[in-house]
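Hi everyone, thanks for coming. Let me put the model up on the screen, and then I'll walk you through the parts I looked at.

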Amino acid sequence: MTNSLRVRLLWWLLVPLAIYVFVTGKAAYDNARHTADLVQENTLLASARMIAGEVEWSDGRLLVDIPPAALEVFASPQGDQVFYNVSVDDGRLLAGVPDFPTREMSARHDAPVYYDADLHGKPIRAVGIVRQMYDTGAIRRVLVSVGKTQASRDAMLRELWRPQLVRQIEMVLLAVALTCIGLTFELRPLLKVKEEVMDRDPMQLEPLRVERLHTELRPIVEAINQCIARLGLQVAAQRRFIADAAHQLRTPLTLLETQLQFARQHREMEPTLSEALAAMQRSNRSMVGLTNKLLLLAQAEAADYTQLARQKVDLASIAQAVIEDLAMFAQKRDIDLGAELVESAWIIGHEGLLSALVFNVVENAIRYTQPGGHVTVGVARDAQRVTLTVTDDGPGIPAEARSRVFEPFYRASSDTEGTGLGLAIAKEIVQAHRGEIALKHREPPKRGVIVTATFFDGLM
Ligand SMILES: Nc1ncnc2c1ncn2[C@@H]1O[C@H](COP(=O)(O)OP(=O)(O)O)[C@@H](O)[C@H]1O
Ligand SMILES: [Mg+2]
């Protein structure tokens, strides 16, 4: 059986209800048939009695005059055919159809006898009664039989039985409809929970709300919440571990850098050794770079909006400082680094993190744009937002890589140095500030990428 709650509940409802409807329907049918038969038999008997009452002696012979009322009792819209037969025990027919299927009546017993028979190929219900006629010295038994076709009786049966059946089927359908509607309504809170879970950011580890849930569902959601809480502790522990590890790595790496520098100053050194030392220094520097980025990523991931240093910072002056820091790098790569900054753009946030954000995005633009290219850093402001845009006219990012560049360690170009952490850090920082970051390509014929970070907490 399917696992749908709706279908299962319907089965629970439909099977017993169908049995119930069948059993009560059968009882109702039997009842109705009994009633219809009774009514029909009473009419037959009344008619037979009326006819029997008209049998009389006349000059020593039995005669009968059929009263119209005896046949009128059968009047019905169904137009049943009525037959009768009045005959004496000596075989003489007093009235009616000669081939009427009469019944042998016992001599002593003169209670009416009801029976089914066939006349002219039609099934009929008939009654037979006997009237004893006395005359001087003679006793004659007159058998009066009346029969009719079944149309009005069947119609009555239908009328008695069908409405009940229809009502019961209506009730079942109503129950089904109400179950479906009720379930749809009652399942809504559950679907809400589902949507809430689906819409979540993977790292959003807040508990689900339980207030509007049914008591039956609360334990499930509470169990999920406990699970989320444990997961949250786990994630926090892991982030702390990465941050601690990166932090611990920095000291020996810095030390190593100094030692390498010192060693290289040694005069009488073999050229090969000097080369080896230079290579060691390069890889040590990239280790320092990686460690710093890891530490920054861990810090950005751990940063929570409510816990961010709640200070006002000016994104425009942060951008200005970053541009100054990167001016040399841009010059080295022959990139025209320009700025379009508003005078001030205050937001609530963490200065160090925001500075790292601008640095990473601008550095990318300079690094990946060909010599002679242009990079523009813009900070704009309106009533609700402060927007940082970094535009370049470089080669852009291949389509298949676009959705992945924000992932940690993902790099779309392998010919330059890098860690693949820059945009991941940028994204974490923007999210920690409840902002949005997006990467767009410029419309052809223009080339290059526009990275936009929007913050909604704009302060005038
Ligand atoms: N302005 C840009 N133009 C072209 N490609 C870019 C740009 N910014 C980022 N990318 C691509 O996105 C990838 C990921 O960037 P990032 O996370 O900063 O890592 P990294 O710079 O260390 O490689 C880069 O490897 C690069 O291929
Ligand atoms: Mg980068």
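Let's start with strand 12 (residues 386-392) and strand 14 (residues 449-455), which pair in the antiparallel sense over 6 bridges. Strands here are DSSP runs of E with at least two residues, helices are runs of H or I with at least four, and both are numbered from the N terminus. Two strands count as paired if DSSP finds at least two bridges between them. Within this pair, T387 has T454 of strand 14 as its bridge partner.

A word on conventions before I go on: this is a predicted model, where local features need pLDDT of at least 70, side-chain atom pairs count only at pLDDT 80 or more, and totals for chains, interfaces and linings use all residues. Residues are numbered from 1 along each chain as its sequence is written, chains are lettered from A and ligands numbered from 1 in the order in which they are written, and side-chain values use heavy atoms, with hydrogens and water left out.

Back to the sheet: it is open, has 5 strands in the order 9-11-12-14-13, and its pairing is mixed. At the edges sit strand 9 (336-341) and strand 13 (436-441), each pairing on one side only.

There is another open sheet of 5 strands, ordered 4-3-7-6-5, with antiparallel pairing. Its edge strands are strand 4 (93-96) and strand 5 (113-119). Strand 3 (residues 82-88) is joined to strand 4 by 3 bridges, and S87 stands opposite L93 there.

Now, which residues come nearest to ligand 1? Of the 18 around it, they are N364, Y368, D392, R411 and G420, where being near takes a heavy atom within 4 Å. By type, the shell splits into 9 nonpolar, 7 polar and 2 charged residues; nonpolar means Ala, Val, Leu, Ile, Met, Phe, Trp, Tyr, Cys and Pro, charged means Asp, Glu, Lys and Arg, and the others, Gly among them, are polar. Helix 7 (351-368) and helix 9 (422-432) each supply at least two shell residues, and the largest share, 3 residues, comes from helix 7.

For the polar contacts (pairs of N or O atoms within 3.5 Å), a polar backbone atom of G420 is 2.7 Å from a ligand 1 oxygen. A polar side-chain atom of S413 lies 2.9 Å from an oxygen of ligand 1. The protein covers 95% of the 530 Å² of accessible area that ligand 1 has on its own, using Shrake-Rupley with a 1.4 Å probe.

Note on methods: A polar contact is a pair of N or O atoms within 3.5 Å; within protein, one must be able to donate a hydrogen and the other to accept it, and residues adjacent in sequence count only if both atoms are side-chain atoms.
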